[in-house]
Amino acid sequence: MATLGDIGVAAAFNLLSAFVFFIAFAVLRLQPFNDRVYFPKWYLKGLRASPASSGAFVKKFVNLDFRSYLKFLNWMPEALKMPELELIDHAGLDSAVYLRIYLIGLKIFVPITILAWAVLVPVNYTNKTLELQLKNVTSSDIDKLSISNIALESDRSEILISFANYICVKSVIPIDEYETVASMRLHFLASEKRRPDQFTVLVRNVPPDPDESISETVEHFFLVNHPDTYLTNQVVCNANKLAQLVKQRKKKQNWLDYYQLKYSRNNAQRPIMKTGFLGLCGQKVDAIEHHEAEIRKLSKEIAEERERVKKDPKAIMPAAFVSFKSRWGAAVCAQTQQSRDPTSWLTEWAPEPCDVYWPNLPIPYVSLAIRRLIMAVAFFFLTFFFMIPIASVQALASIEGLEKVAPFLKPIIDMQFIKSVIQGILPGLALKLFLIFLPAILMIMAKFEGFTSKSSLERRAATRYYLFNLVNVFLGSIVAGSALEQLNTFIKQSANEIPRTIGVAVPLRATFFITYIMVDGWAGIAGEILMLKPLIIYHLKNFFLVKTEKDREEAMDPGSLGFNTGEPQIQLYFLLGLVYAAVTPALLPFIVIFFGLAYVVFRHQIINVYNQEYESAAAFWPDVHGRIIIALLISQVALIGLLTSKKAAQSTPFLIALVVLTIWFYTFCKARYEPAFVRYPLQEAMMKDTLERAREPNLNLKPYLQNAYIHPVFKEEDEEDEFDF
């Protein structure tokens, strides 16, 4: 178990790591040849020119202005300067609202931390329960600052009740944020520019008609049932094979560009390659001629497949994007039942074209329920079977575990500094490394379920990631950590003492979470701004593939917020902060540092780097609010259990009342504010339509909408000529 000294070593190590990352970032971002890596958003907007395009040769690659290096942290105040309204205009509402989650963390935990260290920490520390009454329980100096050090039937438990009430009051902050974000969403929808998804509805499960095509059936149905507002439709076709062929051709084109560039640098010898597995075996051929032939072959297959998709009725799916003459007409259609059969003519708001996840559109609607059931079962087993290796890894990432597996390392492990590193850094680092592939697995599962937009895929994966963290990282670490650590003690004591020891032992796991917060929330967040992977990939592409400015622009990888990974991480810290606020207040400063550091880093990234693939107008906010409330409920239930183990059951009715009030608060917010994130008010739609007609009385939307939802592979048809050799 980590001691106060071990935590100090871990804090110093992670703070030093974060500082090194910031120094490296400060130096790298100033170099002209890295400008497109650290400021891609401005290039994509056309508001920044490369500093490497002019000046002396050396200055094209290295910044020789040494004064700029002295202000290596000036990016922090620069990131905080942009006002929120300007930020929304620059990066979108999703990005601005995402940052507000970090601000909520600061608003909740800064005052709680101040009060906890002013009141709870002295109250806990002045008890001597762990030293005098529970000598048989493994504990550390940090545990003396926790509820574990409160004696049984102590009057000081009433202070915890008062503090729990204060936490509950501070956690009501999300109601103000909920109202603010709902208002921001409606204002954003009312003021944003014209977009195809404002007028378009996705219709699924269109009933077949032997006498009409899907397009004709859709047009006939909506001309009859929406005669005044229907405009046009675009049927959904199964172009997944075509998309794969286009993807393969793009890969071949990249290899061709590489070999052509290689040959242009050395005309003495034509590049040679092997045609076998990974180019390691097989016949030797001319690389340029081989890839030109492959591209010609793929281009022919693409043309044939494109014609097949256009003409084959089996390639047309019973779904369509239906566009209307007004937003009001689209809102009426999207939010009402279209047929007496509730399983046919199913309508929902269409995602914006760049948000559509095209591979899932051809999935038959009737199979979606089966797919989601399969993934629910798969996720259940993934979650609970993952607990076994997580517990094993955490057991190995300890002094006892390492000495058991590698006894020859005992002399090294017994060195005080090495022991501090192992206990203060290794457990959190091991858990983070073990979870590195989880987001990709959860995203694959979400795609299998058939969601039709990238935003819904990310929200689904985020929900699963949050549940996984709740069960494995939080509950699993407590059960596999504290309970197993104290197993030897449980065996040697009488049965009636076990519940008491468990009640004391659960808070003792706070030291593990402190190490995890420092590894993931300090060094991990600082590493985010360094962007090491995009930096390496950009320079590899720039050296091997780039021939034109267009190629250089495509080599940039600005990335996006990654809601499916970022939001569950934030929610884990909300959970840890709220649960341990009254139990182990020593954890709170680590939480506050995370929220403050993450807010500055991600604000910088949103302004200068990330380029969001879609704009959902903060549709994710109800999930954020709900998970904060769940964390608050878990903290209250945990405190009830701990006070019961302290034989302070007479105080639990007050906490039970808090649980009831919290549930009521959640249902109130859900009924009051969530409709703004689910439905679009007809009044707002009519107002926006009226203003638009007044400004543009001769507006014709049909040319704007009729090709808005054509599959991207058909939009590339005009670019075929560039692949002819």
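How much space lies in the second largest pocket? The answer is about 1,400 Å³. The model is predicted, so local features need pLDDT of at least 70 and side-chain atom pairs count only at pLDDT 80 or more, while totals for chains, interfaces and linings use all residues. Residues are numbered from 1 along each chain as its sequence is written, and side-chain values use heavy atoms, without hydrogens and water.

A pocket is an open set of points on a 1 Å grid over the protein atoms alone, where a 1.4 Å probe fits and protein lies on both sides within 12 Å along at least five of seven lines; lining residues have an atom within 4 Å of a point. Its volume is the space filled by probe spheres set on the points, which are joined across faces, edges and corners.

The second largest pocket is lined by 42 residues, and those closest to its centre are Trp 349, Arg 459, Ala 619, Phe 677 and Val 678. Among the elements that give two or more residues to this lining are α10 (173-191), β6 (346-349) and α21 (454-485). The most comes from α21, with 5 residues. Helices (H or I, at least four residues) and strands (E, at least two) are DSSP runs, numbered from the N terminus. Because domain 1 (4-193 + 378-680) and domain 2 (209-351 + 694-724) both give residues to the lining, the second largest pocket lies between them. These domain bounds come from an automatic or database domain assignment.

Strand β6 also belongs to an open sheet of 4 strands, in the order β2-β5-β1-β6, with antiparallel pairing. Two strands pair if DSSP finds at least two bridges between them. The edge strands, β2 (230-237) and β6, each pair on one side only. Inside the sheet, β1 (residues 200-204) and β5 (residues 316-324) pair in the antiparallel sense over 5 bridges. Arg 204 stands opposite Ala 319 in β5.

The unreviewed UniProt entry lists several spans as "transmembrane region", including residues 101-125 and 572-602; such annotations may be inferred rather than shown by experiment. Residues 101-125 are 100% helix, and their end C-alpha atoms lie 33 Å apart. Residues 572-602 are 81% helix and 0% strand, with end C-alpha atoms 17 Å apart.
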